[in-house]
Amino acid sequence: MKLNLFAAIPEIFMVAMILFILMVEAFSSDSKKSRVTVLSIITLVITFVLQVSIYTIGTIQVVFNNMFILDSMAQGMKLVTYIIGIVTILYVKQYVHDTKMLKGEFYIIFLFSIFGMQVMISANNMLILYVGLELLSLALYGMVALRREEVKATEAAMKFFILGALASGLLLYGISFIYGATGHLELENIFKAMYQSAGLN
């Protein structure tokens, strides 16, 4: 079977850049941590360009056995997410510097959260939707707890994690009900089964 990953090129590039930035941050001195900020912005800009270049308006692209979809709605939401991500990095740059947070870790975790959003946006399967949600949630837990010397930050992260774990359990419980009722995990097939059970065409 031929594996076509064309629709997921931006996500693959982002993961590769996250790993690269992680290595750069690990072997950089404190005086050169600012390069991580620049690399993060460059990553989002290039990913934005890749996203625009791979998509033709009006087409629907699916990969990973129809679990990952790229259509007009997903394309638009991803482009908006990249733009907001770039603006956010520029906006929080001074705050991260003033509070003396772990600069490299902050931007790496932030990129992971963006990646989780992209997975959720293109999810065409309930399990992929859950994976994207967990990628986003785990990144947010880390960002909340990044100021580990602050008691309030640690407490907030712990509360966030407990509530997130509870919500994830309830989500999986709901997904199991949907699968039991429809016999499908793909969103399109779930909608078709719902219409058929309601007597709609």
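Modeller: Let us begin with helix H7 (residues 187-197), which holds both Lys 192 and Glu 188, four residues apart, or about one turn of the helix. A helix here is a DSSP run of H or I with at least four residues, numbered from the N terminus. The model is predicted: local features need pLDDT of at least 70 and side-chain atom pairs pLDDT 80 or more, while totals for chains, interfaces and linings use all residues. Residues are numbered from 1 along each chain as its sequence is written, and side-chain values use heavy atoms, with hydrogens and water left out.

Colleague: What do Lys 192 and Glu 188 form, and how far apart are the closest N and O atoms?

Modeller: Side chains of opposite charge can pair when their charged atoms come close. Lys 192 and Glu 188 form a salt bridge, with 3.5 Å between the closest N and O atoms. The term requires a side-chain nitrogen of Lys or Arg within 4 Å of a carboxyl oxygen of Asp or Glu. Lys 192 is partly exposed at 43% relative accessibility, and Glu 188 is partly exposed at 44%. On this scale, buried is under 20% relative accessible area, exposed is over 50%, and partly exposed is in between (1.4 Å probe, protein chains only).

Colleague: How many salt bridges does a search of the whole structure find?

Modeller: The search finds four. One of them joins Glu 155 and Lys 159 at 2.9 Å, N to O. Both residues lie in helix H6 (residues 151-182), four residues apart. Glu 155 is partly exposed at 42%, as is Lys 159 at 49%.

Colleague: Which residue does Glu 11 meet in a salt bridge?

Modeller: Glu 11 meets Lys 78, at 2.5 Å from N to O. Glu 11 lies in helix H1 (residues 9-26) and Lys 78 in helix H3 (residues 72-98), so the pair ties together parts 67 residues apart in sequence. Glu 11 is buried, at 4% relative accessibility, and Lys 78 is buried at 0%.

Colleague: Leaving aside neighbours within four places in sequence, which residues is Glu 11 in contact with?

Modeller: Contact means heavy atoms within 4.5 Å. By that test, Glu 11 touches Gln 51, Phe 68, Lys 78, Tyr 82, Phe 115 and Gln 118. Glu 188, by comparison, is 177 residues away in sequence and 23 Å away in space, C-alpha to C-alpha.

Colleague: Which residues of H1 are buried?

Modeller: They are Pro 10, Glu 11, Met 14, Met 17, Ile 18, Ile 21, Val 24 and Glu 25. These residues cover an arc of only 135° around the axis, which puts them on the same side of H1; the arc is taken from the directions from the helix axis to the C-beta atoms.

Colleague: How many aromatic pairs does the count give?

Modeller: A pair of aromatic rings is described by the distance of the centres and the angle of the planes. Rings of Phe, Tyr and Trp (its six-membered ring) pair with centres within 6.5 Å; planes under 30 degrees apart are stacked, over 60 edge-to-face, and the rest tilted. The count comes to five aromatic pairs. The rings of Phe 106 and Tyr 107, with centres 5.3 Å apart and planes at 85°, are edge-to-face, and both residues are buried. The rings of Tyr 173 and Phe 177 are also edge-to-face, at 4.8 Å and 80°; both residues are exposed. Tyr 141, Phe 160 and Phe 161 form one aromatic cluster.

How values were computed
Helix = DSSP H or I, 4+ residues; strand = E, 2+ residues; numbered from the N terminus.
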